[in-house]
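Please view the sequence and the structure together before reading on.

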Amino acid sequence: MNRLQRIVIASVGAAVLAAPTAGAFAATPKKVVSITRKVTGPAAQASRWGYVQVALTVKKTTTTVGTKKTIVRKIVKISIPQYPNHTDRSVYINQNALPYLVQETLKAQSASIQMISGASDSSSAYIQSLQAALVLEKKV
């Protein structure tokens, strides 16, 4: 074997070793679908003060890679269409407590949040309506 033949054989051998096999680096198809939904929970009674109702905007992202499907839900917005506001005291309590409950919900991304001292009835009703809204969102 002369020098040229050895160089050609070495080059071809290196090329064969460097070439990927058919599926080694093939990209697995990935599909991502995002849906944003608004769900309103039922009005929950805050003792004798009235009702609290929570409305959520939830972004649901479904990622499919091969046969594996991953679903991620994120609460992106919360509104409170109904809350006790028939007395000055109710207005004061809820204007102070409800923003904290919303903030904690967005942080926790669940109904596992702390109640607000001094607004326990509103907090409890908020959490009940929030839990029901989350259950409704998962059913849709």
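Which residue in strand 3 is the bridge partner of T40? The bridge partner of T40 in strand 3 is A55. The structure is a predicted model, in which local features need pLDDT of at least 70 and side-chain atom pairs count only at pLDDT 80 or more, while totals for chains, interfaces and linings use all residues. Residues are numbered from 1 along each chain as its sequence is written, and side-chain values use heavy atoms, with hydrogens and water left out.

**Overall organisation**

- The protein contains three helices and four strands; helices (H or I, at least four residues) and strands (E, at least two) are DSSP runs, numbered from the N terminus.
- Along the sequence these elements follow the pattern α-β-β-β-β-α-α.
- Of the 140 residues in the protein, 29% are buried; buried means under 20% relative accessible area, exposed means over 50%, and partly exposed lies in between (1.4 Å probe, protein chains only).
- Contact means heavy atoms within 4.5 Å. Among contacts between residues at least 6 apart in sequence, 55% join residues at least 24 apart.

**Strand 3 and its partners**

- Strand 3 covers residues 51-65, and because 11 of its 15 residues are buried, it is largely enclosed by the rest of the structure.
- Strand 1 and strand 3 run antiparallel and are joined by 11 bridges; two strands pair if DSSP finds at least two bridges between them.
- Strand 2 (residues 44-45) is also antiparallel to strand 3, with two bridges between them, and Q45 has Y51 as its bridge partner in strand 3.
- Strand 2 and strand 3 form a hairpin with five residues between them, and S47 in the turn has a positive phi of about 55°.
- Strand 3 pairs with strand 4 in the antiparallel sense over 12 bridges.
- The hairpin of strand 3 and strand 4 has two residues between the strands, and G66 takes a positive phi near 65° there.

- A55 is found in strand 3 and counts as buried because its relative accessibility is 3%.
- In strand 4, the residue opposite A55 is S79.
- Leaving aside neighbours within four places in sequence, A55 is in contact with K38, V39, T40, K77, I78, S79 and P81.
- A55 and K38 are 17 residues apart along the chain, and their C-alpha atoms are separated by 6.9 Å.
- V33 lies in strand 1 (residues 30-40) and counts as partly exposed because its relative accessibility is 35%.
- V33 is in contact with K60, T61 and T62, leaving aside its neighbours within four places in sequence.
- V33 and T64 are 31 residues apart in sequence, and their C-alpha atoms are 8.6 Å apart in space.

**Helix 2**

- Helix 2 (residues 88-108) has 21 residues, which at 1.5 Å a residue should span 30 Å; its end C-alpha atoms are 30 Å apart, which agrees. The expected span is 1.5 Å times one less than the number of residues.
- A kink of about 25° in helix 2 is centred on N94; the bend at a residue is the angle between axes fitted to the seven residues ending there and the seven starting there.
- The buried residues of helix 2 are S90, N94, A97, L98, L101, V102 and T105, and they pack against strand 4 (68-82) and helix 3 (120-139).
- S90 counts as buried because its relative accessibility is 4%.
- Not counting residues up to four places away in sequence, S90 touches W49, P84 and N85.
- Just after helix 2, Q109 takes a positive phi of about 55°.

**The largest nonpolar core**

- A nonpolar core is a set of buried Ala, Val, Leu, Ile, Met, Phe, Trp, Tyr and Cys residues joined through side-chain atoms within 4.5 Å.
- The largest such core has 21 residues, of which L56, I78, Y126 and L130 touch the most other members.
- Strand 3, strand 4, helix 2 and helix 3 each supply at least two residues of this core, and helix 3 gives the most, with six residues.
- Y126 is in contact with V52, V54, I78, I80, L98, L101, V102, T105 and I113, leaving aside its neighbours within four places in sequence.
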